[in-house]
Amino acid sequence: MHFSNLEQAALRLNELYEQLEVKRWGRVWTTQEVALGFMGDVGDLAKLIQAHVGVRTIEDHRAKLGHELSDCLWSIIVLANKCGIDLEAEFVRNTREISEYVSGELAK
């Protein structure tokens, strides 16, 4: 699947969530609230990583790890969209710059 397909799927899901938020709370989550939800997901991810390396016990952690990684990716895509960031372009630019830096350090 191409990044643009992932992005479209994430944003369609966000539209559904926003409809549910309006139904339940009378408004959509703010960007700050989405970011806070993401922080909670990152905390859950950290615990699952601990289980994956054997320092915490969580039943069925491998399946839960995949789910949580997906939740985090969804949040990042939604946050980038809400902030007007072209995440694909930024990822390509950033990884290119870091690769050039690391390659230069390795060549020393």
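For the description that follows, Ala, Val, Leu, Ile, Met, Phe, Trp, Tyr, Cys and Pro are counted as nonpolar, Asp, Glu, Lys and Arg as charged, and the others, Gly among them, as polar. The structure is a predicted model, in which local features need a pLDDT of at least 70 and side-chain atom pairs count only at pLDDT 80 or more, whereas totals for chains, interfaces and linings use all residues. Residues are numbered from 1 along each chain as its sequence is written, and side-chain values use heavy atoms, with hydrogens and water left out.

Rolling a probe the size of a water molecule over the atoms shows where empty space is left. A pocket is here an open set of points on a 1 Å grid over the protein atoms alone, where a 1.4 Å probe fits and protein lies on both sides within 12 Å along at least five of seven lines, and its lining residues have an atom within 4 Å of a point. The largest pocket has a volume of about 510 Å³, a volume being the space filled by probe spheres set on the points, which are joined across faces, edges and corners. Its lining comprises 23 residues, of which L13, Y17, D41, W74 and S75 lie nearest the centre. The elements that contribute two or more residues to this lining are α1, α2 and α3, helices being DSSP runs of H or I with at least four residues, numbered from the N terminus. Helix α1 gives the most, with eleven residues, and by class the lining of the largest pocket holds 13 nonpolar, four polar and six charged residues.

Helix α1, residues 3–25, packs against α3 at an angle of about 85°, with the axes 9 Å apart; the axes are lines fitted to C-alpha atoms over the stretch in contact, and angles run from 0 to 180 degrees between N-to-C directions. The two helices α1 and α3 are therefore roughly perpendicular to each other, a term that covers angles of 65 to 115 degrees. In this packing, F3, L6, E7, A10, L11, L13, N14, Y17 and E18 of α1 meet W74, I77, V78, N81 and K82 of α3, where contact means heavy atoms within 4.5 Å. The residues of this contact divide into nine nonpolar, two polar and three charged.

Within helix α1, N14 counts as buried at 9% relative accessibility, the term buried meaning under 20% relative accessible area and exposed over 50%, with a 1.4 Å probe and protein chains only. Leaving aside neighbours within four places in sequence, N14 is in contact with W74, V78 and K82. E21, also placed in helix α1, is buried with a relative accessible area of 10%, and, not counting residues up to four places away in sequence, E21 touches G26, R27, V28 and W29.

By contrast, Q32 in helix α2 is exposed, with a relative accessible area of 57%. D60, in the loop between α2 (31–52) and α3 (61–82), is exposed at 52% and has a positive phi of about 55° although it is not a glycine.

Technical notes: Angles under 35 degrees count as roughly parallel, over 145 as roughly antiparallel, 65 to 115 as roughly perpendicular and the rest as oblique.
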